[in-house]
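These are my notebook entries on a single protein chain.

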Amino acid sequence: MQKITLVNYLSVENISKSFGERTLFENISFGINKDQKIAFIAKNGSGKTCIMKIINGEDEPDTGQVVVRKDIKMAFLSQDHNLQDELTIEESIFASDNEILHVIERYEKALENPEDTEAYEKAFDDMDRHNAWDFETQFKQILFKLKLEDFKLKVKNLSGGQKKRLSLAIILINRPDLLILDEPTNHLDLEMIEWLESYFAKENITLFMVTHDRFFLERVCNEIIELDNGKLYQYKGNYSYYLEKKEERISSENASIDKAKNLFVKELEWMRRQPKARTTKSKSRQDDFYVIKEKAESRRKENVIELEINMERMGSKIIELHKISKKFGDHVILDDFSFDFQRGARIGIIGKNGTGKSTFLNLLTGTLPLDGGKVVVGDTIKIGYYTQSGINPKPGQRVIDIIKEYGEYIPLTKGKIISASQLLERFLFDSKKQYDFVEKLSGGELKRLYLCTVLIQNPNFLILDEPTNDLDIVTLNVLESFLLDYPGCLLVVSHDRYFMDKIVDHLFVFRGQGEIENFPGNYSDFRAYEDSADVQQKEDNKAEKKDWKQQNNTSGLTFNEQKEFQKIEREIKDLEIKKKEIEQLFSDGKVADTDIEKKANELQNVIKKMEEKEERWFELSAKIEG
């Protein structure tokens, strides 16, 4: 049997970290080996980010060390970007020590100055010599998949999400040996997440990541390391394996604790009977007693919510949508859409960014006016609406004061209640944290508090717009447990596929331009349906596509035609970008009424030019193939 040799990339050796009297972790050790794809799981506040920074050299441990193999290239994707504001997207990518990228950069500049024949020929030869054609195809595909297609856009003009995606793109393009990722799926839509998932699953990249995306964990990772109550546990498998083995571990620990409790009762009786003067033997037993006591009192406090909520009775009419319509300029969100919500409806909304998912929720709740049709809300319906905007606390307010502004308790069956304080505790705000000032809370904690303010109002129709953003896995499990027991209607927009699978049983699929598909099933059902329906179409598309190298095998063209061919490809790309920019303006509702006709004509001109360029491109392609 052949022995497998592990190549160690990085070792974390007995590191500890404290802030004042608070110890985050102590004597933590683990290793990262070549080809491992490791997820790191821990509650918020337990030191995940601190460990990531220590590994990357941005922070120092109080004790211990991190040893990195000398000959490896390591990259770190953090929540904070490290980009230069004055550089463009293209310049940010080329600002690295990757020699192939510099070859491609020179070639791109030569294309922009085709009159310099000598420079063009040299750049073209360098591309061949370094086998850079495939590399350029790969990095442009990465940028395309992450929707970073306007290469001339400056970093300072990018949104926070675009900066995060650019940082990710730069790391992927440079292909490090070891990639450290902090929440890589934040700011990505479903299409991007699934592409990145597929990319990592098939590429030979060593990963160490923190993520709350459990489908991502399931499909990408082959090992999970968990920091739980200051101790480290390692699981050699994906997320499903981790859940199974963690449950076994906790059951075993609790059984051990139960035995300790029985022994503790007996030992406590003995301790109380003992005289003050003790023999050496009894002193030893006394020491053992305190060990047993600590063990007996260590049973885990799990935040499991099992509630029978006694909400206001629903009548026969819930919410009815009668031919509702909405558009911004030429961008259609809804077009005569009708739907009748029934009792117990649990509906998820999915679709690409910009297709109108949040707008739909605002129309439903009356936050935005309709262009046509009407929304009829039943007399007994009480809507709770969790938006992406969050809460705006007053200075000096404490956590408990915020939630009590919205309600004191949720009524349960059999006359019981869950108080505001108890609800906060179930959502991981302990009694001490409840009296903290709100300005001290982290982003994730503010999201949790906002959720509690919506839930304490005891709505019977709950609308949630991206509720899982900034929540860790522990909090997500708490929220899911609550929603599984929730007896009212539920309407959810989320990119979290695992969450959607667990919570909803029906989907509204926003296709864009007013097309909304009713799908009876959860997200996994929908993906299975889509994949089976698209198999033939994808095969047809593959047959039409040529790889970049084939496109650049221009031996059938004259030198001037080769230059024209390369130039046309660049011009088509620029026109595609311009077309998308104009369409996005309409999509975002940013075109003034007086400019609609002007922008529409501009769009038509761009499309006409694209068609002309593409026709010439096909003519030249035919000569190559001939």
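Entry 1, backbone. I looked up Lys147 and found it in the loop between H5 and helix H6 (160-174). The model is a predicted one. Lys147 is not a glycine, yet its phi is positive, at about 55°. I noted this because most residues other than glycine have a negative phi. The relative accessibility of Lys147 is 35%, so I record Lys147 as partly exposed.

I then turned to Asp336, which also is not a glycine and has a positive phi of about 55°. Asp336 belongs to a strand, S11 (residues 331-340).

I next asked at what angle helix H3 and helix H5 pack. The angle is about 90°, and the axes of H3 (residues 99-112) and H5 (residues 132-145) are 10 Å apart. The two helices are therefore roughly perpendicular to each other. From H3, the contact is made by Ile100, Leu101, Val103, Ile104, Tyr107 and Glu108. H5 contributes Ala132, Trp133, Phe135, Glu136, Phe139 and Lys140. Sorted by class, the contact of H3 with H5 holds 9 nonpolar and 3 charged residues, and no polar ones.

My search of the whole structure returned 26 aromatic pairs. I examined the pair of Tyr239 and Tyr498: the ring centres are 5.6 Å apart and the planes stand at 85°, so I classed the pair as edge-to-face. The angle required for that class is over 60 degrees. This pair links distant parts of the chain, with Tyr239 in helix H9 (residues 239-273) and Tyr498 in helix H16 (residues 497-503), 259 residues apart. Are these two tyrosines buried or exposed? Tyr239 is buried, at 2% relative accessibility. Tyr498 also counts as buried, at 19%, where the cut-off is under 20%.

I also recorded one aromatic cluster, formed by Phe337, Phe339, Phe341, Phe360, Phe461, Phe508 and Phe510.

I counted 20 helices and 20 strands in the protein chain. Of its 626 residues, 48% count as buried. Among contacts between residues at least 6 apart in sequence, 68% join residues at least 24 apart.

Notes: Residues numbered from 1 in each chain as written. Predicted model: local features only at pLDDT ≥ 70, side-chain atom pairs only at ≥ 80, totals over all residues. Heavy atoms only, no water. Phe/Tyr/Trp six-rings, centres within 6.5 Å; stacked < 30°, edge-to-face > 60°. Helix = DSSP H or I, 4+ residues; strand = E, 2+ residues; numbered from the N terminus. Buried < 20%, exposed > 50% of the residue type's maximum accessible area, 1.4 Å probe, protein only. Axes fitted to C-alpha atoms, helices over the stretch in contact; angles between N-to-C directions. Parallel < 35°, antiparallel > 145°, perpendicular 65-115°, else oblique. Contact = heavy atoms within 4.5 Å. Nonpolar A, V, L, I, M, F, W, Y, C, P; charged D, E, K, R; others polar.
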